[in-house]
Amino acid sequence: MSDKKNSAPKKSRFRTARGWVAFACVAFVLAGMAFRVGIGTPSAFGIQQISAICPLGALETMAGAKGVMLHPLLLFVLVVVLIALVGKAFCAWMCPIPWLQKFFRPKKRGVAAKGEAGHDASASRNDSDADSVQVEPSAAGAAQIAESGEEQVACASSACAACPGASACVKALAPVGGKRDGVQLDSRHAVLVGTLASAAVFGFPVFCLICPVGLTFATIIGLWNLVQFNEPSWALVIFPIILIAEVTVLRKWCSRICPISALVSLLSNLNVTLRPRVKADVCLRSRGVDCHACVDVCPEQLDPHSKRIPECSKCGKCVDACPAKAISIKLLK
Ligand code: SF4
Ligand code: SF4
């Protein structure tokens, strides 16, 4: 009985917290409609002039108008300040896409995936699908418990099986390094340029027509109108079809396509607060143990040891996955 209990996957507290935030976002939108206060959606929270639109939406609006507009500009500046404080947290905490991906692309449990940077991982590094269980430190999922002074730590490497004890090992290993550490431009940024160019050419924010965040909430609003006012609409068919196609066919949407992610990651270079920080002396690598659980589990392919990780969405998966509890998300250093 107790074995069964011990072998059950532990729920991530960050995942639970993110779930509640996502639920609150939907509840917020529904409450806005129920009480007719028009508080918008996560693309455009707010009432009338006091609204905060998506930063990409603000830029598209100005590109479409071919000029600087005071209201979108002020809102854009406000969002820039928010991103400076919380970085790319929107992607993990408010965007509905990771949840839709989980729903439409359920992942088989217990299948070790080969990480893109070559590490075996007991959880996938694909977009946001690796947080349902806490990741064991071993590449093969066979963690070895080694005595280290008075406390026990999980030894990460199967190669250490013959080791008399991790405490005897004093050879610190260099950080693993993440594939997307530092400032990098990729295909998302090309899509971002195309998004702004299309708004300038057509005179309106073209991307908003297919934005999965907008489509999600447009679908929710359509459902509400159907239930509340018996108002069926073609949008209730078309929007979900586009959305499901984006989630299932464009499987790398977040890391390869999303222009919102591209813009937010650029702005996240301003962010130094609320990021994961590793206690170097607690990290198993400081004792020569070849642990890379934090890098393996990161959906953004980052190494929390790195100084610059603007792609960090503050999802907390590395915190939960670290077998030595060496990582915490701190306001400042
Ligand atoms: S570094 Fe940690 S908190 Fe940041 S995205 Fe990766 S797993 Fe999430
Ligand atoms: S911070 Fe934790 S998970 Fe990452 S390498 Fe060190 S011990 Fe392993």
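**Briefing: nonpolar cores and a surface patch**

Val81 counts as partly exposed, because its relative accessibility is 46%, which lies between the 20% limit for buried and the 50% limit for exposed. This residue belongs to helix H4, which covers residues 70-86. The model described here is predicted. In soluble globular proteins, nonpolar side chains tend to be buried together.

**Surface patch**
- Val81 is one of the residues that make a nonpolar surface patch of about 770 Å².

**Nonpolar cores**
- The largest nonpolar core has 28 residues, and those touching the most other members are Leu56, Phe76, Phe207, Val213, Ile260, Leu263 and Leu267.
- At least two residues of this core come from each of H4, helix H2 (13-34), helix H3 (55-65), helix H6 (97-104), helix H8 (212-229), helix H9 (235-248) and helix H11 (259-267).
- H11 provides the largest share, with five residues.
- Beyond its neighbours within four places in sequence, Leu56 is in contact with Leu192, Thr195, Leu196, Phe207, Pro259, Ile260 and Leu263.
- A second, separate core contains 20 residues, among them Ala92, Trp93, Cys322 and Ala326.

**Helix H8**
- From its first C-alpha to its last, the 18 residues of H8 reach 25 Å, close to the 26 Å expected at 1.5 Å a residue.
- The buried residues of H8 include Pro212, Val213, Leu215, Thr216, Phe217, Thr219, Ile220 and Gly222.

Key:
Residues numbered from 1 in each chain as written. Chains lettered and ligands numbered in written order. Predicted model: local features only at pLDDT ≥ 70, side-chain atom pairs only at ≥ 80, totals over all residues. Heavy atoms only, no water. Patch = residues over 30% accessible without salt bridge, like charges linked within 9 Å, V, L, I, M, F, W, Y side chains within 5 Å. Areas by Shrake-Rupley, 256 points an atom, 1.4 Å probe, with all protein chains shown as cover. Salt bridge = Lys/Arg side-chain N within 4 Å of Asp/Glu carboxyl O. Helix = DSSP H or I, 4+ residues; strand = E, 2+ residues; numbered from the N terminus. Buried < 20%, exposed > 50% of the residue type's maximum accessible area, 1.4 Å probe, protein only. Core = buried A, V, L, I, M, F, W, Y, C linked by side-chain atoms within 4.5 Å. Contact = heavy atoms within 4.5 Å. Expected span 1.5 Å × (residues − 1).
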